[in-house]
Amino acid sequence: MRQHRTPRLLGTLLLVAAASISVVGATSSAAGRTAVPLGRVVPAPASVDEGGSPYGITRDTRIRVDDSREVRRVGAYLAGVLRPSTGYRLPVTDRGTGGIRLRLGDRTLGDEGYRLDSGRNGVTITAGKSAGLFHGVQTLRQLLPAAVERDSVQPGPWLVAGGTIEDTPRYGYRGAMLDVSRHFFTVAQVERYIDELALYKINKLHLHLSDDQGWRIAVDSWPRLATHGGSTEVGGGPAGFYTKDQYRQIVRYASERYLDVVPEIDMPGHTNAALASYARLNCDGTAPPLYTGTEVGFSSLCVGKPVTYDFVDDVIRELAALTPGKYLHIGGDEAHSTSHADYVTFMDKVQPLVAKYGKKVMGWHQLTGATPAKGALAQYWGLDDTDAAEKEQVVRAARNGTGLVLSPADRVYLDMKYTEDTPLGQDWAGLVEVRRAYDWDPGTYLPGAPASAIRGVEAPLWTETIVTGADIDYMAFPRLPGVAELGWSPASTHDWDTYKVRLAAQGPRWDALGIGYYKSPQVPWPGV
């Protein structure tokens, strides 16, 4: 990270801030508050150049935008964040000077990069595409006091430290998975999680829509999948499913925050909800009862029946039509009740159906035991000590052109307990404290895999024990931001000792947002 220090006189005060990450803030003589240093951002920016006077947002500030629909929409989003806490009007306009400016115009920043310039006269965020502007807005939020996140008027002042941030992501795939099958979550709960993901520049929401315990998306050609297969969840209870309009609403909400939804229909295993809904999908023609337990590996679609592929074709066709993103996840893990030969046969028949409807295949890394389709992504969820032969199978596929998204279970599975005393979660992959979730490098995690094959990272949250939105927050925070940083920030910024200080500074922001989080003793939280 490139930084220089510029002491500056503001009013009659000489300001020298000595933070543990060696950056300097700016102070308001009126209130004695210090602006958040430019480098105290999560994920860590690629380049930080401190210096110059801060900019203060006031009642006269305007949000200036290019005359385009996308830029205006990002400006409206920013205004929606700032207005409740500042109490200012903050009109979004394409006229005037100064204030906060959002502009497109630098293609060298790529699809998601941005540059943020702050000085006495204003803040300008420049990007090549609107996604970059949106990510720059998330950085701007973190450069303002945590109170900016509150939904009532706060005293301020609202200072943005002077200097420049230039930032582009390390990986194009930065995801989080939410399992809505083990326990069902409402549209509002999913949207809240999307907002939390967006704050840390996550750009993929992987929705695990089907499993043994529940089917969560309406399929017109097979209606009982939702009405019967979606009627229960782990431990029993009414559960539910998303209508097509509700799913479209989630997709739209995510898109407005520059996240693609990656829907998953897990198969050929993890399919009891579908098998219980339609007897003809079973090899013996008998539907099993609905399932509310947590054991895995007992179910399988009937690979030899033609109706199986009619079913898969219909489901993929309808889901692809609802999903603008490029990937459709077909699962493929823990198919213990499917022989290897049948598994290969099934994947050879199903992957072309994904392409038929204009999508690219994504699957858990067991997909590499078959022949991954061209352009496919394999999601690795093994452990540090996973069998070498299994890792080599994944690496071999990567050498042959299959892209990899890394989700090692003993690193980034957000449903793993932090400690033995964590009231939620599981421990089959081990205990995953905050440092363990952060302190690894996706670029070197699988020795032998070409660097070009690593497309990014994803933090899955399985929900065997997760029931409420508060449960989601507690298990995701504070680990999720670290995974986001692994996906976004250059490897050169990777350092636990500086990261934990930046992470600690997020605590008051989560308090303001109403996010209940695990106060890990590994992190120097303010006031703890």
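Author: A nonpolar core here is a set of buried Ala, Val, Leu, Ile, Met, Phe, Trp, Tyr and Cys residues joined through side-chain atoms within 4.5 Å. Please note that the model is predicted.

Reader: Which residues touch the most other members of the largest nonpolar core?

Author: They are Leu102, Tyr193, Leu207, Trp215, Tyr242, Tyr247 and Phe311, in a core of 144 residues. Helix α7, residues 306–322, supplies the largest share of this core, with nine residues.

Reader: And what does the second core include?

Author: The second core is separate and has eleven residues, among them Trp364, Leu383, Ala409 and Met416. In soluble globular proteins, nonpolar side chains tend to be buried together.

Reader: Let me turn to helix α13. How many of its residues are buried?

Author: Ten of the ten residues in α13, which spans 479–488, are buried. They include Arg479 and Glu485, along with Leu480, Val483, Leu486 and Trp488.

Reader: Now the charges. How many salt bridges does the structure hold?

Author: There are 28 salt bridges. One of them pairs Arg192 with Asp473, whose closest N and O atoms are 2.8 Å apart. This pair links distant parts of the chain, 281 residues apart: Arg192 belongs to helix α3 (residues 187–199) and Asp473 to helix α12 (residues 469–476).

Reader: Are Arg192 and Asp473 buried or partly exposed?

Author: Arg192 counts as partly exposed because its relative accessibility is 33%. Asp473 counts as buried because its value is 4%. Salt bridges that share partners also join Asp179, Arg182, Asp211 and Glu464 into one network.

Reader: Which residue forms a salt bridge with Arg115?

Author: Its partner is Asp106, and the closest N and O atoms lie 2.9 Å apart. Arg115 is classed as buried because its relative accessibility is 18%, and Asp106 is classed as buried because its relative accessibility is 15%. Glu149 and Arg141 form a salt bridge as well, at 2.7 Å from N to O, and both of these residues are buried.

Reader: Which residues form the positive surface patch?

Author: Lys326, Lys360, Lys374 and Arg455 form that patch. Arg455 is in strand β21, residues 454–461. Patch members need over 30% relative accessible area.

Reader: One last item: where is Thr58?

Author: Thr58 lies in the loop between β6 (55–57) and β7 (63–65). Thr58 counts as partly exposed because its relative accessibility is 35%. The C-alpha atoms of Thr58 and Thr86 are separated by 8.3 Å, and these residues are 28 residues apart along the chain.

Note on methods
Residues are numbered from 1 along each chain as its sequence is written. This is a predicted model: local features need pLDDT of at least 70, side-chain atom pairs count only at pLDDT 80 or more; totals for chains, interfaces and linings use all residues. Side-chain values use heavy atoms; hydrogens and water are left out. Patches are made of residues with over 30% relative accessible area and no salt bridge: like charges are joined within 9 Å, nonpolar side chains (Val, Leu, Ile, Met, Phe, Trp, Tyr) within 5 Å. Accessible areas come from the Shrake-Rupley method with a 1.4 Å probe; for residues, only the protein chains shown count as cover. A salt bridge is a side-chain nitrogen of Lys or Arg within 4 Å of a carboxyl oxygen of Asp or Glu. Lys and Arg count as positive and Asp and Glu as negative; His and the chain ends are not counted. The place of a charge is taken as NZ of Lys, CZ of Arg, CG of Asp or CD of Glu. Helices (H or I, at least four residues) and strands (E, at least two) are DSSP runs, numbered from the N terminus. Buried means under 20% relative accessible area, exposed over 50%, partly exposed in between (1.4 Å probe, protein chains only).
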